[in-house]
Structures are given as C-alpha cells and as structure tokens.
Amino acid sequence: MNREIPADSVGLVKTKYFTFGSEAKPLKLDSGRELGPVTLAYETYGRLNRKKTNAVLILHALSGSAHAAGYHSPDDKNPGWWETYIGPGKAFDTEKYFIICSNVIGGCSGSTGPASENPLTGKPYALDFPLVTIDDMVRAQKELVDSLGIEKLLSVAGGSMGGMQALSWSIQYSEKVNSVIAVATSGLVSAQAIAFNEVGRQAIVTDPNWNGGSYYGDSIPATGLSIARMIGHITYLSEQNLHDRFGRNFQDADPDAFSFNTQYMVGSYLRHQGDKFVDRFDANSYLYITRAIDMYDLKKSHGNSLIEAFEKVTSDYMIISFTSDWLFPSGMSRDIVKALRSNGKNVAYTDIETDKGHDSFLLPSDTMEDIIRNFLKSEFNRINARHDKQE
C-alpha cells in the first residue's frame, strides 16, 4: 500500500553509483595497500546552481548509508536517516542547496567493502579487504565530488563518525571546503568507546557462523552481529532516556520474574534493534568501520596536538554537542573548539541541553535546525558575495 509522502520530503529518490580507480591507478590507503576499482553508492537532492556554490556533502555515521533523505519507493516505510533535517524548507534546504551523501568505503550499502567482489579472485573480499581509515573514506569521497565538477563545497556536515569525516575533509582538503558542521563528534575516541567497539567485534568473531569472515553464501553470524548492535545501541542513548522510556517495567502484563523467558522492556527493545540490524548490515563491515573509528586520532597524526591538526585549515566551523552524550561527551567538542580558536579560526559552538544521549543528532531539535539553517545561510551569502566580486 502506497503511503502519502510528506510535502517537506525530497520525495522519491534513487541511489546512484560512481566507480573510479583500477589496478593501474588505484586508491592508495593509509595502510600502504591499494584498492581499485572502487565504487561509491551515493544520492543527491536538490540542484547544483550555475556557480556551483551550493553543494553540501553529508557524511554518515557507523550504520548509515547514502540514503540520507526521501523514499526509495511509494511504499517505503523508512525515509533516509537524516530526513528530519534534509528537504524543502528544512535545515539543509533542498530548494537552496545541492545535497550529496555517499556510503563509505568498507560499508555494505552499495560501496566497495568486504562483501564486494575481489577482482583478483571473483569472490567476496571478506578479510582480504584492506583496513581503511576515516581519511581513506574521505579520499574516496573527494573522487566523487571531483567527478561532479564541484571545485569547492559550501559545507561538509555529519554527526558522530560523520563529524570525524567532516573534520578530516577540512584538514586534508582545506581548499575544497568552505565550512564544516560537526555534530556529536570528536578528534579521537576514548578508551571507553574503543572498549565497547571491541566487545562488539568479539561478539561477531566468536559467532560459530563467522567462519573467519568467509560466511558469504552461507549462514551469516547473525547472533554475533545482533549482540554487537545491542551493545552499541546502549552507548547511543542516555540513562535518563532509557529510564523514561522503559524504567524497570516488564514486557509482559503478568510477568513471572523468576523465569528467563520473561523480558524487561529495555531488553526486548535491544533485542528488536539487534534483529533489525542483522537484516540490513554486514558483519564484516561492522568490524572494519568500528576499527576505522578506533584508529581515528587527529592528535596522533599531527604531532600529538589538536592545535597542530587545525593549524592550516581555512574553513569556518559550527560545532554542536549534546549535554547527555556520554559516548562523545561535550568536552570532546570543546577540545576541538579550543584548538580552532588557538589557531585564530572562525568557529561557533553550541552545547544543546537534552536527555536523549548521543543519538540526539538524529532526532528532531528546533535548536539544532535553527543553528544549521542560520549557519548555512550565512556561509552561502558570504561565499556568493565573494564569488560575485571575483566576477
């Protein structure tokens, strides 16, 4: 049954594919290995203006994809992951801006990753796929942006791992990035975050069906991947949020508290999240992407100093954090802000009061919508005024 698509949605959209690189001209990775050919799945919303000054690159988090807004079919139950903020009249206004979002390399939603065919063997890469970094993901995205004929992006924007990519964009390709919107992110992840990721990975690799990563065409490590998602999902919420939604309530109306078959509501919710995740995500991609998150460290790669990391950037920055985010605490965002200000860079910062935890960047927020809308409007006006002077 077809659903009525909201008027403020970008409507029906299609995923596109861009392939680049070859054995002769591969993508060079931080590990020293090479990858080619490389395919990126991507979607676009809105139109690129004549001056090509309105392009915004949206960068997704761990479990995201290129499908950031709109619907793939009239009966599609789930819109894109940032539907709340992308569309006509929304923060990322598709009547003004040309929005691009691609699935990262190492992913499993159309871009080259461990489930993709290895051209040397004709079989899925599995663990023969090279380890990739956040910077590698960005290098692949630059190839896509260049192919679209865009010399400079109005903005790069993302939350969580998407924010990491946005920061990397501004450091690697400062000349191509006018501004950055980095939400609920950091310059490096904590030991605690690495610990949670490691437990999730262990849940996968100890699943009997994992088979050293070579499970394609056979039974998948569904139990391990489901548990990994359950563990990760806990970190995306806050204690207050969990209490308000579930408390200590049982799922059953007349529970037998002395039976393991009786579920607390919060446990039932986590199992549901794990089961849903198995249907749309690849276990090996989970290993690769969480590893990339763990390895991300702007300090280590720039003389053990965040200040040095941002020394040569030329972008304007909007940094947003959330008071109840304990996975990427507000202090991590403030560290980025301090480093930028120490370099005399143009940066604005807002710490939004909320009890929704890390996932706040995916949820409706009038405050965040206003911040992004006003920041983009200011940046758009400034860059176009400069462009008009040059003409």
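Begin by selecting Ser 168, which is buried, with a relative accessible area of 1%, in a model that is predicted. This serine is found in helix H2, which covers residues 161-172. If you then show its surroundings and leave aside the neighbours within four places in sequence, Ser 168 is in contact with Ile 134, Asp 135, Val 138 and Tyr 173.

Nonpolar side chains tend to be buried together in soluble globular proteins. Select next Val 156, Leu 167, Trp 169, Phe 310 and Tyr 317, which touch the most other members of the largest nonpolar core, a set of 71 residues. Helix H7, residues 283-295, gives the most to this core, with seven residues. A second, separate core has 32 residues, and Trp 82, Tyr 85, Leu 154 and Phe 322 are among them.

Now centre the view on Phe 310, a residue whose relative accessible area is 0%, so that it counts as buried. Which residues is Phe 310 in contact with, leaving aside its neighbours within four places in sequence? They are Leu 167, Ile 171, Leu 298, Tyr 317, Ile 336, Ala 339, Leu 340, Asn 343 and Lys 345.

**Aromatic rings**

A pair of aromatic rings is described by the distance of the centres and the angle of the planes. A search of the whole structure finds 15 aromatic pairs. Select Tyr 215 and Tyr 216, whose ring centres are 4.5 Å apart and whose planes stand at 35°, so the pair is tilted. Buried or partly exposed, how does Tyr 215 count? Tyr 215 counts as buried, because its relative accessibility of 2% is under the limit of 20%, whereas Tyr 216, at 25% relative accessibility, counts as partly exposed.

Tyr 317 is buried, with a relative accessible area of 1%. For a group of rings, select Trp 81, Trp 82, Tyr 85 and Phe 92, which ring pairs link into a cluster.

**The largest pocket**

Rolling a probe the size of a water molecule over the atoms shows where empty space is left. H4 gives the most to the lining, with five residues. Colouring the lining by residue kind would show 21 nonpolar, 17 polar and eight charged residues.

From here move to Gln 273, whose place is in helix H6. At 11% relative accessibility, Gln 273 counts as buried, and beyond its neighbours within four places in sequence it is in contact with Arg 229 and His 233.

**A last stop in helix H9**

Finally, select Val 337, which lies in helix H9, residues 330-342, and is buried, with a relative accessible area of 3%. Its contacts, leaving aside neighbours within four places in sequence, are Ile 319, Val 347 and Tyr 349. With a distance drawn between C-alpha atoms, Val 337 and Val 347 are separated by 6.8 Å, although they are 10 residues apart along the chain.

How values were computed:
Residues numbered from 1 in each chain as written. Predicted model: local features only at pLDDT ≥ 70, side-chain atom pairs only at ≥ 80, totals over all residues. Heavy atoms only, no water. Core = buried A, V, L, I, M, F, W, Y, C linked by side-chain atoms within 4.5 Å. Buried < 20%, exposed > 50% of the residue type's maximum accessible area, 1.4 Å probe, protein only. Helix = DSSP H or I, 4+ residues; strand = E, 2+ residues; numbered from the N terminus. Contact = heavy atoms within 4.5 Å. Nonpolar A, V, L, I, M, F, W, Y, C, P; charged D, E, K, R; others polar. Phe/Tyr/Trp six-rings, centres within 6.5 Å; stacked < 30°, edge-to-face > 60°.
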